[in-house]
Amino acid sequence: MDLSPHDRLIVALDLPTVAAADAMVERLGDAVQFYKIGHQLAYAGGLTFAQTLIGAGKRVFFDLKLHDIGNTVGKGVESVARSGASFLTVHAYPQTMQAAVEAKRGSQLKILAITVLTSYDDNDLAAAGYRLAVAELAAARAAQALEAGIDGLVCSGEEVPALRKIAGPHMVLVTPGIRPAGSASGDQKRIMTPGKAIAAGADYLVVGRPVLQAADPKAAAEAIIAEIAQAQN
Ligand code: C5P
């Protein structure tokens, strides 16, 4: 994939208000061009704020993890596609994925599938009625995503090599849980440095707290981009 180091960094705007998000985007300036909007900001004005970002030439990743009957998912995806957003997440259920892929046709929107939430372990899956272990279910869903024509997967750095084998060279692998050396892991368990995740084969890195909570967020973002550049060469 022909991406510059700068293209590969997605900053998660995990902030409570549009004012806070706007101030962060202002501070980051030209250093960051791709932003993730998740539930917290989306339901606090972030859907409208995304229009401002897109209007300013930024790219937007809506991490809304859609899952509903196919018709409802399809209508939601049509609305997101019209907004000009670049990425949208859906849960990796075959009906949901097929409806999303059908609905985004002809737009620039890429659909990313969530295979198994990273907070789930084998016991959580058993409690939810699944007989498969996390690794088995993630692999099965990645194969189903490929078959459904999904554009990419969200996965930890550790999962990248195994999922790349299943997903092939064209699927986009987007990796959260990134921690530059020396930064706090927070509640993330499966963490990797930016350089290691890129070297493992991730296409995009999602970074939240290491940028948002840095004394100098712009410098933190630039340091991550520099590490990506080093790993790419
Ligand atoms: O602050 P931090 O860098 O841990 O933020 C990571 C972002 O990636 C958060 O928005 C989180 O919801 C998201 N994410 C994650 N792990 C996943 C999927 C998404 O941390 N498996």
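Contact here means heavy atoms within 4.5 Å, and buried means under 20% relative accessible area, with exposed over 50% and partly exposed in between (1.4 Å probe, protein chains only). The model is predicted, so that local features need pLDDT of at least 70 and side-chain atom pairs count only at pLDDT 80 or more, while totals for chains, interfaces and linings use all residues. Residues are numbered from 1 along each chain as its sequence is written, and side-chain values use heavy atoms, with hydrogens and water left out.

**View 1. Helix α2 and its bend at Gly-45.** Helix α2 covers residues 39–55 and bends by about 85° at Gly-45 (the angle between axes fitted to the seven residues ending there and the seven starting there). Its buried residues, Leu-41, Ala-42, Gly-46, Phe-49, Ala-50 and Leu-53, pack against α1 (18–28), β2 (34–37) and β3 (59–66). Just after α2, Gly-57 takes a positive phi of about 90°.

View 2. One oxygen atom of the ligand lies 2.7 Å from an N or O atom in the side chain of Asp-14, and a ligand oxygen is 2.8 Å from a polar backbone atom of Gly-208. A backbone N or O atom of Arg-209 is 2.7 Å from an oxygen atom of the ligand. Taken alone, the ligand exposes 460 Å², of which the protein buries 81% (Shrake-Rupley method, 1.4 Å probe).

**View 3. His-91 in strand β4.** His-91 belongs to strand β4, residues 87–91, and counts as buried because its relative accessibility is 18%. Not counting residues up to four places away in sequence, His-91 touches Lys-65, Leu-66, His-67, Thr-96, Met-97, Ile-114 and Leu-117.

Terms used
Helix = DSSP H or I, 4+ residues; strand = E, 2+ residues; numbered from the N terminus. Polar contact = N/O pair within 3.5 Å; in protein donor to acceptor, adjacent residues only side chain to side chain.
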